[in-house]
Amino acid sequence: MDFLFYWVYSLWGIVASPDLVLFITINAGVKHEGLACTACKQTPILGTCWSCLDCEDHEVNLCTSCYMADEHDIQHVFQRKDSPRVPG
């Protein structure tokens with residue numbers, strides 16, 4: 001699994017207690033053809049697709065940016081899709 005680590009420092013250049021931020025970049029090249037992000041309208045969804053399992057017909061799909069920004073009801077359960085849909 002590929003990870004990208006970097007340190008976040010204060011705007012004043014003082015290294016008080018930096019926070020460790022972790023980004024998972026493993027699915028950067030995945031395209032979910034035929035799926036659009038319900039929140040930002042990105043189409044196709046690039047990277048991981050998050051599908052709401054609580055909404056009727058599972059019609060709510062989010063890109064990772066919108067999922068992480070809580071652009072849908074945070075009480076709902078989501079399915080993480082790391083690979084595109086396979087026809088058939």
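How many helices and strands does the secondary structure of the protein chain comprise? The secondary structure comes to one helix and seven strands, where helices (H or I, at least four residues) and strands (E, at least two) are DSSP runs, numbered from the N terminus. From the N terminus on, the order of elements is β-β-β-β-β-β-α-β.

Colleagues, a word on provenance. This is a predicted model, in which local features need pLDDT of at least 70 and side-chain atom pairs count only at pLDDT 80 or more, while totals for chains, interfaces and linings use all residues. Residues are numbered from 1 along each chain as its sequence is written, and side-chain values use heavy atoms, with hydrogens and water left out.

I begin with the chain totals. Of the 88 residues in the protein chain, 23% are buried; buried means under 20% relative accessible area, exposed over 50%, and partly exposed in between (1.4 Å probe, protein chains only). The chain exposes about 6,500 Å², and carbon and sulfur atoms supply 56% of that area. These accessible areas come from the Shrake-Rupley method with a 1.4 Å probe; for residues, only the protein chains shown count as cover. Among contacts with a separation of 6 or more, 34% are between residues 24 or more positions apart, a contact being heavy atoms within 4.5 Å.

I turn to the sheet. Three strands form an open sheet in the order β6-β5-β7, and their pairing is antiparallel. Because β6 (61-63) and β7 (78-81) stand at the edges with a single partner strand each, one side of each is left without a neighbour in the sheet. From one strand to the next, the twist averages 25°; axes here are lines fitted to C-alpha atoms, for helices over the stretch in contact, and angles run from 0 to 180 degrees between N-to-C directions. Strand β5 (residues 49-52) pairs with β6 in the antiparallel sense over three bridges, the criterion for pairing being that DSSP finds at least two bridges between two strands. Trp50 has Leu62 in β6 as its bridge partner.

Which residues does Asn61 touch, not counting residues up to four places away in sequence? They are Leu35, Ala36, Cys37, Thr38, Ile45, Cys49, Trp50, Ser51 and Lys81. Asn61 lies in strand β6 and counts as buried, because its relative accessibility is 7%. The side chains of Asn61 and Ser51 are joined by a polar contact of 2.5 Å. A polar contact is a pair of N or O atoms within 3.5 Å; within protein, one must be able to donate a hydrogen and the other to accept it, and residues adjacent in sequence count only if both atoms are side-chain atoms.

With 38% relative accessibility, Gln79 counts as partly exposed. Its C-alpha atom is separated by 6.4 Å from that of Cys52, 27 residues apart along the chain. Leaving aside neighbours within four places in sequence, Gln79 is in contact with Cys49, Trp50, Ser51 and Leu53.

Thr48 sits in the loop between β4 (45-46) and β5. Is Thr48 buried or exposed? Thr48 counts as buried, at 7% relative accessibility.

Next, the cysteines. A search of the whole structure finds zero disulfides, a disulfide being a pair of cysteine sulfur atoms within 2.5 Å. For Cys49, which is in no disulfide, the nearest cysteine sulfur is that of Cys37, 8.3 Å away. Cys49 is buried, with a relative accessible area of 0%. Cys66 is likewise in no disulfide; the nearest cysteine sulfur, again that of Cys37, is 3.7 Å away. Cys66 is buried as well, with a relative accessible area of 9%.

Finally, I note some backbone features. Thr43 and Pro44 are joined by a cis peptide bond, with omega about -10°. Pro44 is found in the loop between β3 (31-32) and β4. Lys41 is found in the loop between β3 and β4; its phi is near 70°, a positive value in a residue other than glycine. Lys41 is exposed, with a relative accessible area of 57%. Asp70, in the loop between α1 (64-68) and β7, has a phi near 55°, also a positive value in a residue other than glycine.
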